[in-house]
Amino acid sequence: MGISDTDFATFCNISGFGSAEAEILSRVAKQVIPHIPELTDRFYEILARDELTAPYLRQSSLALLKNTHIDWMTELFCGNLDEEFISRQTRIGETHVRFRIPPIFVAASMSFLRAALPAVILQKVPDRSEASRAVAALLRLLDLCHYLLDSSYNDALMDNLGVSPALLVRLRTVVARPYLGA
Ligand code: HEM
């Protein structure tokens, strides 16, 4: 299911993510991409040390997981965030649902990246103003990816409960009436 065009436009309008931000990311790509494998190693060390996340890594080959992660992060800096990019995030979300990765693990991983990737940009991009614009663009993009990955968990929930997207939104935003007695 993924994201509707309207929701995507709303995200971009409010967050301020657009083609100029994608372009800034592609401009810093050369300085950032060489450091992604080292950052990925650090990330997987943390996941492997945590007793709750470690068993999920054993479902797959560590080398494969690291490579898919490196490719995914590299793509954030490619400057081409088209429809295919968006549907790829949804498919990645579906893979995590299939492997029964709890969404809190994805949220925690995104949180790690929101700190670790900007640190690389600030360290490796010498132009201060370019670096801070790249950090702002990256944080918006990570939020978009996080939303898209999470939407797969919503889709699985809707399928399992047999509810429509509109009903899910209503159920999530309805406020229970206070009990006023008989
Ligand atoms: C920022 C968070 C994460 C991102 C961006 C991410 C990215 C990816 C990508 C790109 C794939 C390949 C998907 C496909 O080809 O369909 C994948 C697969 C997978 N990920 Fe993640 N991942 C994240 C967090 C996690 C966490 C926290 C775990 C486990 C604790 C995990 C475990 C897996 C597993 C088991 C697979 C399947 C690998 C296979 O096909 O054998 N991921 N992930």
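Predicted model: local features only at pLDDT ≥ 70, side-chain atom pairs only at ≥ 80, totals over all residues.
1. Size of the pocket. The largest pocket has a volume of about 770 Å³. Its lining is made up of 28 residues. Those lying nearest the centre are Tyr-44, Leu-65, His-69, Ile-92 and His-96.

2. Where the lining comes from. Two or more lining residues are given by each of helix H3 (36-49), helix H4 (54-57), helix H5 (62-75), helix H6 (83-98) and helix H7 (103-124). H5 supplies the largest share, 7 residues.

3. Sorted by class, the residues lining the largest pocket are 16 nonpolar, 9 polar and 3 charged.

4. Packing of H6 and H8. Two packed helices are described by the angle between their axes and the distance between the axes. The crossing of H6 past H8 is right-handed.

5. Residues in the contact. From H6, the contact is made by Phe-85, Ile-86, Gln-89, Thr-90, Ile-92, Gly-93, Glu-94, His-96 and Val-97. From H8, Leu-141, Leu-144, Cys-145, Leu-148, Leu-149, Ser-152, Tyr-153 and Ala-156 take part. By class, the residues of this contact are 11 nonpolar, 5 polar and 1 charged.

6. A link between the two topics. Ile-92 and His-96 are among the residues nearest the centre of the largest pocket, and Ile-92 and His-96 of H6 also belong to the contact with H8.

Definitions and conventions. Residues numbered from 1 in each chain as written. Heavy atoms only, no water. 1 Å grid on protein atoms, 1.4 Å probe; cavity = no way out; pocket = protein on both sides within 12 Å on 5 of 7 lines; lining within 4 Å. Points joined across faces, edges and corners; volume = space filled by probe spheres on them. Helix = DSSP H or I, 4+ residues; strand = E, 2+ residues; numbered from the N terminus. Nonpolar A, V, L, I, M, F, W, Y, C, P; charged D, E, K, R; others polar. Left-handed = near helix turned anticlockwise from the far one by under 90°. Contact = heavy atoms within 4.5 Å.
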